[in-house]
Amino acid sequence: MTALALTRGGTAEVLETDGDTVTVLSTLSSPPGSPLEGRLDDWTLRIKVKSCKREGDGFRIEGRWVNLSRAQRDRLLAG
């Protein structure tokens, strides 16, 4: 799994992605419609949040990637 360091603090683990949509388990909540921003390597990645539900000690967030480059998409799909 790929872990993102969120810019607001906390972390998010990528549970599933097809390169367009994404599901993460985050330590922070984020309301639907909001952007969730995190860092992977030297990249800043953004997710447009579709839904956010409490799951255990974190939040299961579903959304779509915003402005991924081909290199970023390949890196995420490689795990």
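Where is Asp-41 found? Asp-41 sits in the loop between E4 and E5. Its phi is near 55°, a positive value in a residue other than glycine. This is a predicted model.

## The barrel

The 6 strands close into a barrel in the order E1-E2-E3-E6-E5-E4. Their pairing is antiparallel. Neighbouring strands of this sheet are turned by 45° against each other on average, with direction ignored.

Helix H1 covers residues 70–78 and packs on the sheet. The helix touches strand E1 (2–6), strand E2 (11–17), E4, E5 and strand E6 (58–66). The direction of H1 makes about 45° with that of E5.

## Strand pairs

Strand E4 spans residues 35–40. E4 and E5 pair in the antiparallel sense over 6 bridges.

E6 in turn pairs with E3 in the antiparallel sense, over 6 bridges. In that pair, Thr-23 has Glu-62 in E6 as its bridge partner.

## Turns and loops

E5 and E6 form a hairpin, with 2 residues between them. Gly-56 lies in the turn and has a positive phi of about 60°.

Asn-67 is in the loop between E6 and H1. Its phi is positive too, about 60°, although Asn-67 is not a glycine. Is Asn-67 buried or exposed? Asn-67 counts as exposed, because its relative accessibility is 70%.

## Ile-61 in strand E6

Ile-61 belongs to strand E6. Its relative accessible area is 1%, so Ile-61 is buried. Leaving aside residues up to four places away in sequence, Ile-61 touches Val-22, Thr-23, Val-24, Ser-26, Leu-28, Ser-30, Leu-36, Val-49, Ser-51 and Cys-52.

Lys-50 is 11 residues from Ile-61 along the chain. The C-alpha atoms of these two residues are separated by 7.4 Å.

## Ser-51 in strand E5

Ser-51 has its place in strand E5, which runs over residues 43–55. Why does Ser-51 count as buried? The cut-off for buried is under 20% relative accessible area. Ser-51 has 18% relative accessibility, so it counts as buried.

Which residues does Ser-51 touch, not counting those up to four places away in sequence? They are Pro-32, Arg-60, Ile-61 and Glu-62.

## A nonpolar patch

Met-1, Leu-15 and Leu-25 make a nonpolar surface patch. The area of this patch is about 280 Å².

Leu-25 lies in strand E3, residues 21–26. At 31% relative accessibility, Leu-25 counts as partly exposed. E3 is also the strand that pairs with E6 over 6 bridges.

Note on methods:
Residues numbered from 1 in each chain as written. Predicted model: local features only at pLDDT ≥ 70, side-chain atom pairs only at ≥ 80, totals over all residues. Heavy atoms only, no water. Helix = DSSP H or I, 4+ residues; strand = E, 2+ residues; numbered from the N terminus. Buried < 20%, exposed > 50% of the residue type's maximum accessible area, 1.4 Å probe, protein only. Contact = heavy atoms within 4.5 Å. Pairing = 2+ DSSP bridges. Axes fitted to C-alpha atoms, helices over the stretch in contact; angles between N-to-C directions. Patch = residues over 30% accessible without salt bridge, like charges linked within 9 Å, V, L, I, M, F, W, Y side chains within 5 Å. Areas by Shrake-Rupley, 256 points an atom, 1.4 Å probe, with all protein chains shown as cover. Salt bridge = Lys/Arg side-chain N within 4 Å of Asp/Glu carboxyl O.
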